[in-house]
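Dear colleague,

I am handing over the structure below, together with an account of what was found in it. Please read the notes beside the model.

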Amino acid sequence: MTQKASLEKLIFTLLQSIDPKGIADESLRQTVELLLNLVAQINLKIKEL
C-alpha cells in the first residue's frame, strides 16, 4: 500500500469516527455535521474525476 492510500484510509477512518451527536453545543454540532457532509460531497466529486 502506498503512503497516499494509507493516509487516505486514515483520514476516512478518522472522519467516520466523528459522532456529532456527542457534541453538547447545538451550533457546534450543526457546524460539524455541515462540514462532514461537505467533506463527503467533495470526496465523491474527487472520485468522479
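The secondary structure of the protein comes to 2 helices and 0 strands, where helices (H or I, at least four residues) and strands (E, at least two) are DSSP runs numbered from the N terminus. This is a predicted model, in which local features need pLDDT of at least 70 and side-chain atom pairs count only at pLDDT 80 or more, while totals for chains, interfaces and linings use all residues. Residues are numbered from 1 along each chain as its sequence is written, and side-chain values use heavy atoms, with hydrogens and water left out.

To begin with the overall picture, the C-alpha atoms fill a box of roughly 40 × 20 × 10 Å, taken along the principal axes. Of the 49 residues in the protein, 8% are buried, where buried means under 20% relative accessible area, exposed over 50%, and partly exposed in between (1.4 Å probe, protein chains only). The accessible surface comes to about 4,600 Å², and 63% of that area belongs to carbon and sulfur atoms; such areas come from the Shrake-Rupley method with a 1.4 Å probe, and for residues only the protein chains shown count as cover. There are 6 positive and 6 negative side chains, the centres of the two sets lying 8 Å apart, with Lys and Arg counted as positive, Asp and Glu as negative, and His and the chain ends not counted.

Turning to the charged contacts, the structure holds 1 salt bridge, the term being used for a side-chain nitrogen of Lys or Arg within 4 Å of a carboxyl oxygen of Asp or Glu. The partners are R29 and E26, whose closest N and O atoms are 2.0 Å apart. Both residues belong to helix α2 (residues 26–48), and because they are 3 residues apart in that helix, about one helical turn separates them. R29 is buried, at a relative accessible area of 17%, whereas E26 is partly exposed, at 41%. Leaving aside residues up to four places away in sequence, R29 touches P20, K21, I23 and A24, contact meaning heavy atoms within 4.5 Å.

Although L15 and L36 are 21 residues apart along the chain, their C-alpha atoms are separated by 7.5 Å. With residues up to four places away in sequence again left out, L15 touches L36 and V39, and L36 in turn touches L15, I18 and P20. L15 counts as partly exposed, its relative accessibility being 25%.

Within helix α2 there is also L28, which is partly exposed at 45% relative accessibility; its C-alpha atom is separated by 24 Å from that of L44, 16 residues away along the chain. The C-alpha atoms of L36 and L49, 13 residues apart along the chain, are separated by 20 Å.

Finally, L35, L38, I42 and I46 form a nonpolar patch on the surface, with about 370 Å² of accessible area together. Patches are made of residues with over 30% relative accessible area and no salt bridge, like charges being joined within 9 Å and nonpolar side chains (Val, Leu, Ile, Met, Phe, Trp, Tyr) within 5 Å.

Methods:
The place of a charge is taken as NZ of Lys, CZ of Arg, CG of Asp or CD of Glu.
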